[in-house]
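Q: I am new to this structure and would like a close look at a single part of it. Please keep the account plain.

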Amino acid sequence: MKKQIKNALTVYSAPSLDAGRGGVEDVSFSKYLKMIQQFPILTAEEEYQYAVAWVKNQDKFAAEKLVASHLRLVVSVAYDFKNYGIPVQELVASGNMGLMQAMQKFDPEKGFRFSTYAMFWIRAEIYETILNNWSIVKIGTSANQKRVFFNLARAKRALGIMDNNMSDEQTKRVAEYLAVPETDVQRMSTRIGARDVSLNTPAYSDDETHDILSNLPDNRENVAEVMENVEFKRRGYDLLRRHLNALPQRDREILVARRLSDPVLTLEALSQKYSISRERVRQIEERAFSKLKAAVLEDTKE
């Protein structure tokens with residue numbers, strides 16, 4: 001998928017999209033950051049127009065504008081993960097690939113802002129980059145192992161455990177804190193400790209006892225849980241789209257206009273469009289929403 005998207009965008013020659021493909025090798029990262037500041041942030045209306053032009057007509061200029069206006073969003077997300085041992089430039093490059101995947105799959109007619117939709121793709125790519133660059137997690141890819149990997153240092157700080165080699169009692173406390181099996185804590189702790197360069201070790205220090213992250217607050221979201229939620233939200237989006245399409249056209253259009261659009265259309269505007277009363281518009285909206293809700297709930301039953 002990544003290769004297909006990259007090839008699809010090679011026809012673009014704009015510097016913004018060269019950067020979006022992760023090709024910042026010809027420009028220093030600081031210059032890249034200055035460059036993307038020059039791209040204006042789109043209004044909701046401009047974003048919608050460019051997205052429609054891209055989806056319906058494969059308008060390259062529109063795609064360029066859509067991507068360029070969100071490159072700053074990628075950098076912002078990447079810096080949230082700068083303490084995971086991966087150069088920010090690589091995180092930005094991965095996030096840019098996620099941004100372009102979002103552009104390929106975005107449907108402007110659903111009423112969502114592109115930035116909201118793209119955020120999930122950007123984070124998913126950055127998570128994947130972090131995991132793939134740590135050999136310890138190439139073996140363990142379960143949700144519990146990811147939870148331990150991203151939260152072991154935080155759990156030890158919270159429990160006041162300073163030892164690198166934890167005792168059985170300390171391992172048990174960490175496992176209870178993270179709500180994972182003790183074996184996952186023991187194995188992941190051993191793998192992390194066995195690395196030549198620890199994630200917590202300063203890049204230019206010979207002091208292996210100095211632990212940077214132990215002295216820093218970690219207010220970020222639980223990465224493992226966020227990764228699990230990404231797939232859950234994608235499935236929710238697919239369910240919403242499928243059941244919306246199953247509604248009668250007028251019902252669907254009114255529901256989208258009233259519940260899934262920004263700005264929301266008024267009852268008066270819709271009553272004039274469909275030549276019906278405002279009360280009738282309200283009734284159709286409520287009926288369509290009830291049908292959609294019931295269908296989605298039915299589809300998600302165990």
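How do the residues of the lining of the second largest pocket divide into nonpolar, polar and charged?

A: The model is a predicted one. In the lining of the second largest pocket, twelve residues are nonpolar, ten are charged and three are polar. Together they make up a lining of 25 residues. The space in this pocket comes to about 570 Å³.

Five of the lining residues lie nearest the centre of the pocket: Tyr48, Pro108, Glu109, Gly111 and Ser261.

Four helices each supply at least two residues of the lining: H4 (44–57), H13 (223–245), H14 (249–259) and H15 (267–274).

Start with helix H4, which supplies part of the lining. The loop between H4 and helix H5 (60–68) holds Gln58. Phi of Gln58 is positive, near 55°, although this residue is not a glycine. Gln58 counts as partly exposed because its relative accessibility is 46%, which lies between the 20% and 50% limits.

Helix H15 is another supplier of lining residues. Ser275 sits in the loop between H15 and helix H16 (278–299). Its phi is also positive in a residue other than glycine, with a value near 55°. Ser275 has a relative accessibility of 67%, so this residue counts as exposed, the cut-off being over 50%.

Definitions and conventions. Residues numbered from 1 in each chain as written. Predicted model: local features only at pLDDT ≥ 70, side-chain atom pairs only at ≥ 80, totals over all residues. Heavy atoms only, no water. 1 Å grid on protein atoms, 1.4 Å probe; cavity = no way out; pocket = protein on both sides within 12 Å on 5 of 7 lines; lining within 4 Å. Points joined across faces, edges and corners; volume = space filled by probe spheres on them. Nonpolar A, V, L, I, M, F, W, Y, C, P; charged D, E, K, R; others polar. Buried < 20%, exposed > 50% of the residue type's maximum accessible area, 1.4 Å probe, protein only.
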